[in-house]
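User: I'd like to learn how to read a structure like this one, feature by feature. Could you take me through it?

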Amino acid sequence: MVKCTCLRCLGKNQNQRFVLRYLFFSHNRSYGLANPGYLGTAETAPAMFAPPSPDNSGPSAPPAGMFDNMPGYEGTIAGDGGGFLPPPMPVGPVQPPQPGPEQPHWNIPSITEDTARGAFALYASSKCCYSKSPAKDGVITNMEAFNTYRYKLETFTESRSTQWAHEPYHGQPVDAYAQPPPGPWDIPAQTPSFFQDSKQVIKVPYTSSMKPCHVCMGMGRKPCTNCAGSGNKVCWVCNGSGFRHGNDRCHSCGGRGRDNCHHCHGNGSTQCPTCHGKQQLLVYINLTIKWTNNSDDYVVEQSSGLQISNLKKVTGKELFRESQYLVYPVMGFPDMSVVNASQRIVGEHVSRFSQTARILQQRQTIELIPVTKVNYSWKGKSHVYFVYGNEFTVHTDNYPATCCCSVM
Ligand SMILES: [Zn+2]
Ligand SMILES: [Zn+2]
Ligand SMILES: [Zn+2]
């Protein structure tokens, strides 16, 4: 027997309510010494173990031994590419989502012939080569409404990940082991406006330590790559001989046959680009917080012949809007396919996002998108165009006069 797993059915009796709670909250884990914290993309981890880059001039990956073992941050790797940190248990009991208010009236607007004709004329004039004649002289023979609904669910999430980072040391406070670092989900952050993507990077307190720079081995300088560390190069004018045209001394190098290296000003070494010559690095853990608006929608199929993909770019009349921590799938809407889509998408979002992120807010909307199919005749033949969206966007597959030169 196939059991319905929609949220409403799951919530029907006591046993199944447990399943619902499980669905919402089972992902939670706590932090502690025994918990490595990280889940997920292990295959991206080797950055930490990669040997230092052979190119001494570029930033190279620090060796693994450079990082302290921080309780609660054991899975952290250098640079990007870490997995996600599973969100912690909610502090208090969380209200399961409540059904929204029933929708009283679903009011279906329609457009007038004048609106259709005006939109069509605008469409024809926007195409540089289209003759305006069909739009101007065509006679509308029939108009039919194929208004449709779009259901949209937005789930606004916060995800957190950590990365080892370093910067030149110039006296910053060193606080590693002064006390245990706060858990990655215990660090406060300023949540931006709901439903707007955003990102914040925070230095995790009590993880900063000072280490000799791994790129210059704590020297602060590196051999000049231009002169191989010698500080000078073969004179390009005399090619190293010190003389030109027999016994004339070379003016460029004063007869020495070698020139100072411009790159290192004759020093043979340059400042280390990683520690900026400071010899020491401040090594610490960065916490990256990402706020993401995850959106999915469903458009009810209509039989006008207009492809659904056309409706992506237009807006409709908003019939319903509801926003709360976790929304309950819409109920009582006259079109059952919208009700079903809402149940499906709400379930998908909860299971997809609650594992990897903290859901902060959800918003669901239903729009009515006006779609009008217009039949018209021009020069004795009948044709079709569509007017749709609040924007009165026009689409037609076969405009009868697509080249102005061919029309009298
Ligand atoms: Zn020379
Ligand atoms: Zn040099
Ligand atoms: Zn250095």
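User: How many bridges join strand 3 to strand 12, and in which sense do the two run?

Analyst: In this predicted model, strand 3 and strand 12 run antiparallel and are joined by 19 bridges.

User: Which other strands pair with strand 12?

Analyst: Among them are strand 4 and strand 5. Strand 4, residues 198-203, runs antiparallel to strand 12 with six bridges between them; here valine 201 stands opposite threonine 288. Strand 5, residues 209-212, pairs with strand 12 over four bridges, also in the antiparallel sense, and methionine 210 has leucine 282 as its bridge partner there. When you look along any such strand, keep one general idea in mind: in a regular strand the side chains alternate between the two faces of the sheet.

User: Which residues have the most contacts inside the largest nonpolar core?

Analyst: That core has 21 residues, and the ones with the most contacts inside it are Trp164, Cys213, Leu281, Val283, Tyr284 and Ile285. Strand 1 (77-78), strand 3 (148-168) and strand 12 (280-299) each supply at least two of its residues. Strand 12 gives the most, with seven residues.

User: What does tryptophan 164 touch, leaving aside residues up to four places away in sequence?

Analyst: Tryptophan 164 touches Phe67, Thr76, Ile77, Ala78, Val283 and Ile285. There is also a second, separate core of 17 residues, which includes Ala119, Ala135, Tyr376 and Tyr388.

User: Let's zoom out. How many helices and strands are in the protein chain, and what share of the residues counts as buried?

Analyst: The chain has five helices and 17 strands. Of its 408 residues, 26% count as buried. For contacts between residues at least 6 apart in sequence, 80% join residues at least 24 apart.

User: Is methionine 217 buried or exposed, and why?

Analyst: Methionine 217 counts as exposed because it has 11 C-beta neighbours inside 10 Å, and the cut-off for exposed is 12 or fewer. Asparagine 239 has a positive phi of about 60 degrees, and its place is in the loop between strand 7 (232-234) and strand 8 (243-244). Asparagine 239 is exposed too, because 11 other C-beta atoms lie within 10 Å.

User: Finally, where does pLDDT stay under 50?

Analyst: The general idea comes before the numbers: where pLDDT is low, the predicted coordinates should not be read in detail. The chain averages a pLDDT of 80, and 78% of the residues score at least 70. Over residues 1-36, pLDDT stays under 50, and the model has 40 contacts beyond four places in sequence for them. Residues 40-58 are also below 50, with 25 contacts in the model beyond near neighbours in sequence.

Technical notes
Residues numbered from 1 in each chain as written. Chains lettered and ligands numbered in written order. Core = buried A, V, L, I, M, F, W, Y, C linked by C-beta atoms within 7 Å. Buried ≥ 20, exposed ≤ 12 C-beta atoms within 10 Å, placed from the backbone. Contact = placed C-beta atoms within 7 Å. Pairing = 2+ DSSP bridges. pLDDT = per-residue confidence, 0-100.
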